[in-house]
Amino acid sequence: MGAERTYEGPQGDVGTHPHALVQRSFAALEPRLDEILRRFYAVLFALAPQLWTLFPIDLSTQRARLGRALRHVVNGLDDADTQAFLAQLGRDHRRFDIVDAHYDVFGRALLITLGETAGAGWTAEVAAAWRQTYAELADLM
């Protein structure tokens, strides 16, 4: 991850770069990632039960794929390879009739799950960093 990056926000506020906050919070959660992803899918299907039709009954392989993708993306947030990976992932998902609304509900479910599982580490600043970063990633897809 390198040195802690700072940035100037839209209101001229200076703070830790959102990607660094996301990476730091993800590192704290990563040892519990399987548990978190189990919770994520429960939240996702509670928000949008119609999405069940897009997934297999047994989600173990899907959880493993999502876990690998999250690790790859979060750890490489500023890498060009990650941007290319996300663009391809978005093209791949179009085969399954994934539309913008699906990215919205996926993002909501992810943020709810992270907020529920991160404990005291889920500050307003970390939540904002995840929202901003997820929006950037979803746009790439």
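Let's start with confidence. This is a predicted model, and in the chain confidence is lowest in strand β1, residues 6–8, at a mean of 43. The highest is α2, at 97. Over residues 1–14 the pLDDT is below 50. That stretch still has 24 contacts in the model beyond near neighbours in sequence. As for the chain, the average pLDDT is 86, and 89% of the residues score at least 70.

Next, one pair of helices. Two packed helices are described by the angle between their axes and the distance between the axes. Take α1, residues 18–29, and α6, residues 124–140. Their axes come within 8 Å and cross at roughly 110°. Angles of 65 to 115 degrees count as roughly perpendicular, so α1 and α6 are roughly perpendicular to each other.

Who makes the contact? On the α1 side, P18, H19, L21, V22, S25 and F26. On the α6 side, E125, V126, A129, W130, Q132, T133 and E136. By class, the contact of α1 with α6 has seven nonpolar, four polar and two charged residues.

Keep F26 and W130 in mind, please. Both take part in that helix contact, and both also line the largest cavity.

On to empty space. Rolling a probe the size of a water molecule over the atoms shows where empty space is left. How many cavities of 30 Å³ or more does a search of the whole structure find? One. The largest cavity has a volume of about 60 Å³. Along with F26 and W130, the lining has L29, L33, I36, L37, L70, L110 and L114. α1, α2 and α5 are the elements that give two or more residues here. α2 gives the most, with three.

Now the pocket. The largest pocket has a volume of about 860 Å³. Its lining has 35 residues. Which lie nearest its centre? Q62, L66, L89, H93 and F106.

α2 (33–47), α3 (60–75), α4 (80–94), α5 (100–117) and α6 each supply at least two residues. α3 gives the most to the pocket lining, with eight. By class, the pocket lining divides into 27 nonpolar, four polar and four charged residues.

To recap, then. α1 crosses α6 at roughly 110°. The largest pocket, at about 860 Å³, has four polar and four charged residues in its lining. And residues 1–14 have pLDDT below 50.

Terms used: Residues are numbered from 1 along each chain as its sequence is written. This is a predicted model: local features need pLDDT of at least 70, side-chain atom pairs count only at pLDDT 80 or more; totals for chains, interfaces and linings use all residues. Side-chain values use heavy atoms; hydrogens and water are left out. Axes are lines fitted to C-alpha atoms, for helices over the stretch in contact, and angles run from 0 to 180 degrees between N-to-C directions. Helices (H or I, at least four residues) and strands (E, at least two) are DSSP runs, numbered from the N terminus. Angles under 35 degrees count as roughly parallel, over 145 as roughly antiparallel, 65 to 115 as roughly perpendicular and the rest as oblique. Contact means heavy atoms within 4.5 Å. Ala, Val, Leu, Ile, Met, Phe, Trp, Tyr, Cys and Pro count as nonpolar, Asp, Glu, Lys and Arg as charged, and the others, Gly among them, as polar. On a 1 Å grid over the protein atoms alone, a cavity is a set of points where a 1.4 Å probe fits but cannot get out, and a pocket is an open set with protein on both sides within 12 Å along at least five of seven lines; lining residues have an atom within 4 Å of a point. Grid points are joined across faces, edges and corners, and a volume is the space filled by probe spheres set on the points. pLDDT is the predictor's confidence in each residue, from 0 to 100.
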